[in-house]
Amino acid sequence: MRPECFLAAHVLCVASARLQRTSEYVRPRGATQLPPTDPRLREVDDGAPQQRKITMGADGSVTISWAQLSGGTNSTVAWGYSEDALTEVAMGSSAVSYTCQDSTCGGPNYWSGFLHTAVLGPRVLPSSRVFYRVGEDANWPTFNFTSLAGPELVEGYAFALVGDLGQTAHSAETAQRIMSGGAARMVVHAGDLSYADCDQPRWDSYGRLMEPLASRVAWMTVTGNHEMEDPLKCGLSLNQSFAAYDARYGSALPFEASGSKSPRYYSFEVGGAHWIMLGSYTDYTPGSPQLEWLALDLASVNRTQTPWLLAVLHSPWYNSNRAHFNETEERLFRLSAEAMLVEAKLDAMFAGHVHAYERSHSVYLDQVTEGAPVYIVVGDGGNREGHAKGYEAPTPHWSAYTNDTSFGHGAFTVFNATHMRWEWHANSASASPSASPNGWAVSDEAWFVVPEAKGRAKAEGKAEGKAGGASGSGADSGAQRLLLFLLAAALAAGFIGALKAGLLGGSSQGAYAKKAAPALAPAVYDRPYSILSGGPESGQEDGQGQGGV
């Protein structure tokens with residue numbers, strides 16, 4: 001596939017594929033939910049623990065949650081660093097439960113069972129194999145996981161990103177691909193989990209479907225619109241919105257450790273990244289508790305300890321898909337907080353809601369802006385509503401890559417304090433995708449780079465293949481990149497001059513290249529943090545509409 005270079009506000013060389021635009025947006029027929037009789041969803045009849053999941057706790061602890069239909073309210077976990085020596089015992093608070101009496105929420109006699117939570121700690125050894133058994137019966141099975149790293153940077157630390165998952169065959173495939181990849185140390189979920197939509201037994205079946213992954217990898221979540229479950233719609237016996245989510249997921253999140261008073265918004269640090277988890281359906285107006293908390297949290301970030309700053313919410317701030325385009329939650333939240341996050345030098349924001357994949361250029365106030373965050377939509381987890389088909393025409397200039405035909409998930413790998421790689425993995429990668437170091441097929445990829453450290457980074461690896469038809473290493477490569485940069489600067493001078501003062505950072509001339517990096521010439525940006533885009537088999541030229549796999 002022949003690379004092309006586009007001279008705009010920056011220079012970008014990627015493999016191109018001319019693709020037709022889709023027709024006017026019409027919601028396609030969705031996927032069928034797995035039936036309750038599916039073995040992966042089937043009820044556990046003997047009262048044994050089920051729906052196990054792991055959550056990052058506070059200060060190096062780990063939270064284990066599970067459900068049980070019998071056994072009382074004691075929440076007990078035996079654990080240790082050897083399967084044969086579960087010598088530690090964690091005693092959680094008394095289990096909670098809730099009921100639903102309305103037919104609209106699975107009644108008249110729905111009961112959640114005992115929802116248990118216990119904290120392993122006060123501190124679990126970081127990056128260690130941990131074995132655990134929930135419940136009081138020694139005959140119940142033992143599970144294991146690799147504990148999370150501390151906040152400090154760990155080279156090669158990987159996160160899986162997913163949104164709008166649900167419980168279809170596609171959902172199961174997405175989870176299976178994350179698990180079989182084996183590299184992710186944490187799953188970060190951008191909202192819309194079970195798609196129960198009031199039907200409370202569907203929360204249980206979702207927990208059972210995801211247990212093989214959730215019981216082995218820490219899973220951090222934000223709320224989506226499908227978690228709201230308004231009692232006026234679902235039945236007054238649920239008492240409040242988010243009742244099921246709070247009881248099953250929100251209560252286990254370490255929100256208080258980050259100074260938050262609500263599980264709807266919180267932050268955590270692991271493996272060199274500071275993650276900000278935001279609530280698209282919680283008050284985000286200026287002066288609201290969420291915005292006040294956000295300002296304090298951003299002020300607390302230590303970029304020496306956690307050089308990467310990432311945010312997650314449900315409703316995307318930048319989305320060119322016709323589905324959910326420019327909705328209130330997107331427009332007003334962005335209006336309230338975008339400048340704050342740009343000033344803090346946010347690297348990337350992840351969202352769901354739109355059942356498709358999209359990656360932006362660095363963008364601020366709808367303009368490609370060097371120094372601004374990259375926005376990535378990963379609402380393609382596989383839920384029953386199907387894909388969100390069709391994009392705005394013409395394509396917004398800030399949109400770098402789109403795909404509305406495949407379900408999948410994303411992955412971030414922190415290589416060091418200056419280099420981080422983003423990958424999108426389509427479940428049906430039929431466009432000759434490039435190979436990822438962790439074995440997953442890659443349908444879109446991008447490198448985040450701190451340009452000031454490129455001289456050091458250059459010594460870490462040597463470019464392989466060719467960039468724009470020329471060698472990707474040595475003095476010639478540097479001269480070529482400098483020429484590309486100067487050409488881009490000349491073409492973009494008027495646009496760059498109009499950018500807001502203070503948003504631009506140090507100049508960058510050149511690009512990081514190592515064995516896992518794209519072989520084509522990467523983007524050249526003038527910003528403190530830049531994103532290097534595209535791969536030799538990305539299946540689409542950046543900024544040129546819809547990608548296909």
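1. Pocket first, so here is the term: on a 1 Å grid over the protein atoms alone, a pocket is an open set of points where a 1.4 Å probe fits, with protein on both sides within 12 Å along at least five of seven lines, and lining residues have an atom within 4 Å of a point. By that rule the largest pocket has 25 lining residues. Nearest its centre sit M56, G57, D59, G60 and E269.

2. A word on provenance. This is a predicted model, where local features need pLDDT of at least 70 and side-chain atom pairs count only at pLDDT 80 or more, while totals for chains, interfaces and linings use all residues. Numbering starts from 1 along each chain as its sequence is written, and side-chain values use heavy atoms, with hydrogens and water left out.

3. Back to the largest pocket: its space comes to about 400 Å³, the volume being what is filled by probe spheres set on the grid points, which are joined across faces, edges and corners. The lining splits into 12 nonpolar, 9 polar and 4 charged residues. For those classes, Ala, Val, Leu, Ile, Met, Phe, Trp, Tyr, Cys and Pro are nonpolar, Asp, Glu, Lys and Arg are charged, and the others, Gly among them, are polar.

4. Which elements supply the lining? Strand 15 (266–270) and helix 5 (289–300) each put in at least two residues, and strand 15 gives the most, with 3 residues. Helices (H or I, at least four residues) and strands (E, at least two) are DSSP runs numbered from the N terminus.

5. V77 stands opposite V134 of strand 10.

6. How many salt bridges does the whole structure hold? The search finds 13, a salt bridge being a side-chain nitrogen of Lys or Arg within 4 Å of a carboxyl oxygen of Asp or Glu. One of them pairs D197 with R384, and the closest N and O atoms are 2.0 Å apart. These residues are 187 apart in the chain: D197 is in the loop between strand 13 (184–189) and helix 2 (201–214), R384 in the loop between strand 21 (374–378) and strand 22 (399–403). D197 is partly exposed at 24% relative accessible area, and R384 is partly exposed at 24% too. The cut-offs: buried is under 20%, exposed over 50%, partly exposed in between (1.4 Å probe, protein chains only).

7. Another salt bridge joins D347 and R303 (3.1 Å, N to O). D347 lies in the loop between helix 6 (328–343) and strand 18 (348–351) and R303 in the loop between helix 5 and strand 17 (308–312), so the pair ties together parts 44 residues apart in sequence. Buried or partly exposed? D347 is buried, at 0%, whereas R303 is partly exposed, at 22%.

8. Last, R334 and D366 meet in a salt bridge at 2.8 Å, N to O. R334 is in helix 6 and D366 in the loop between strand 19 (357–364) and strand 20 (367–368), so parts 32 residues apart in sequence are tied together. R334 counts as buried at 16% relative accessibility, while D366 is partly exposed at 34%. Salt bridges with shared partners join R334, E338 and D366 into one network.

Terms used: Pairing = 2+ DSSP bridges.
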